[in-house]
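Here are my notes on the model. Please read them with the structure open.

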Amino acid sequence: MISDLEIKTTLPSYCGKTRVSLILLLGSITVLTGPSGSGKTILLQTIAGLERPDYTTIKYKNKEWANAVKQLAPYQREAVYVSQRPQLFSHLDLAENLSYGGNLLEDSYYQELIRVFDLKDSLQNSVEHFSGGETQKASILQALGASPEVLLLDEPFTGLDWVSKKKVMIALKNYLELKSITLILVTHSLEEMKFFSDEIIYLTRGNCQRLSVTEIE
């Protein structure tokens, strides 16, 4: 029987040594929220293989990503992480950035995503002088271009105005559902929580609990 994404870890002492135990359904959307310093980013990076807290076990589809004796490298995991301050390859144009790690530029659904993200006319442009919002959108597209099964986004919409953010969120959610991609999203925005998920993982220093959106309000 194929398992879901199972995560058990103890976050570092500077995050309160919070014990986290989660089982996430494949293709689901999970929102992580909580005060600054509670370990949300560390948890995403742990899943991605960029951080290695003690007492960590992560299993995905019966494949051990991490346990007491081994840790798979990030490239060996079916997950892609986009940080709060993403960086593109400044020496490459946008199309080359989107093709890094994958080749979905001919995929019609991916092309539509590029169009809705308002980046279709920028494919041949250098990304060196992209605005913060353009860089955020391009980084999400770059991550999806690698065809991940698990997408880890750390406050990915902070550089976008509300109109652009709404368009991007709708298109992204539709694409994730179409491709059956599991999303774990870190956000402080109540609007984003309401849009993406009915259930929230709320982290504080020393505590991890599941809440509904109404409980957050």
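1. Basis. This is a predicted model, in which local features need pLDDT of at least 70, side-chain atom pairs count only at pLDDT 80 or more, and totals for chains, interfaces and linings use all residues. Residues are numbered from 1 along each chain as its sequence is written, and side-chain values use heavy atoms, with hydrogens and water left out.

2. The open sheet. Its 4 strands come in the order S2-S1-S4-S5, with antiparallel pairing. Helices (H or I, at least four residues) and strands (E, at least two) are DSSP runs, numbered from the N terminus. Two strands pair if DSSP finds at least two bridges between them. The edges are S2 (19-24) and S5 (63-66); each has a single partner strand, so one side of each is left without a neighbour in the sheet. On average, neighbouring strands are turned by 15° against each other, direction ignored. Axes here are lines fitted to C-alpha atoms, for helices over the stretch in contact, and angles run from 0 to 180 degrees between N-to-C directions.

3. The S4-S5 hairpin. S4 (residues 57-60) pairs with S5 in the antiparallel sense over 3 bridges. Isoleucine 58 has alanine 66 of S5 as its bridge partner. The hairpin has 2 residues between the strands, and lysine 61 takes a positive phi near 50°.

4. Helix H1. Residues 40-48 form H1, which packs on the sheet and touches S1 (5-10), S2, S4 and S5. Contact means heavy atoms within 4.5 Å. The direction of H1 makes about 120° with that of S1. Is H1 enclosed or exposed? 8 of its 9 residues are buried, so H1 is largely enclosed by the rest of the structure. Buried means under 20% relative accessible area, exposed over 50%, partly exposed in between (1.4 Å probe, protein chains only). Just after H1, glycine 49 takes a positive phi of about 95°.

5. Strand S3. In S3 (residues 29-33), 5 of the 5 residues are buried, so the strand is largely enclosed by the rest of the structure. Ile29, Val31 and Thr33 point one way, Thr30 and Leu32 the other. S3 runs parallel to S8 (residues 182-186), joined by 4 bridges. S3 also runs parallel to S9 (residues 199-204), joined by 3 bridges. Leucine 32 stands opposite valine 186 in S8 and opposite isoleucine 201 in S9.

6. Aromatic pairs. The count is 4. Rings of Phe, Tyr and Trp (its six-membered ring) pair if their centres lie within 6.5 Å; planes under 30 degrees apart count as stacked, over 60 as edge-to-face and the rest as tilted. Phenylalanine 89 and tyrosine 100 are tilted, at 4.5 Å centre to centre and 50° between the planes. They sit 11 residues apart: phenylalanine 89 in the loop between S6 (79-82) and H2 (94-99), tyrosine 100 in the loop between H2 and H3 (108-116). Phenylalanine 89 is partly exposed, at 29% relative accessible area.

7. The phenylalanine cluster. Phe157, Phe195 and Phe196 form one aromatic cluster. Phenylalanine 195 and phenylalanine 196 pair edge-to-face, at 5.1 Å centre to centre and 90° between the planes. Phenylalanine 196 is buried, with a relative accessible area of 5%. Lysine 173 lies over the face of phenylalanine 195, 4.9 Å from the ring centre. The rule asks for NZ of Lys or CZ of Arg within 6 Å of the ring centre and within 35 degrees of the ring normal.

8. Cores. A nonpolar core is a set of buried Ala, Val, Leu, Ile, Met, Phe, Trp, Tyr and Cys residues joined through side-chain atoms within 4.5 Å. The largest has 40 residues; Tyr110, Leu144, Leu151, Phe157, Leu172 and Phe196 touch the most other members. H5 (residues 162-179) gives the most to this core, with 6 residues. A second, separate core of 26 residues includes Ile47, Tyr60, Ala66 and Ile201.

9. Serine 122. This residue lies in the loop between H3 and H4 (132-145). At 12% relative accessibility, serine 122 counts as buried. Serine 122 touches Leu94 and Phe130, not counting residues up to four places away in sequence.
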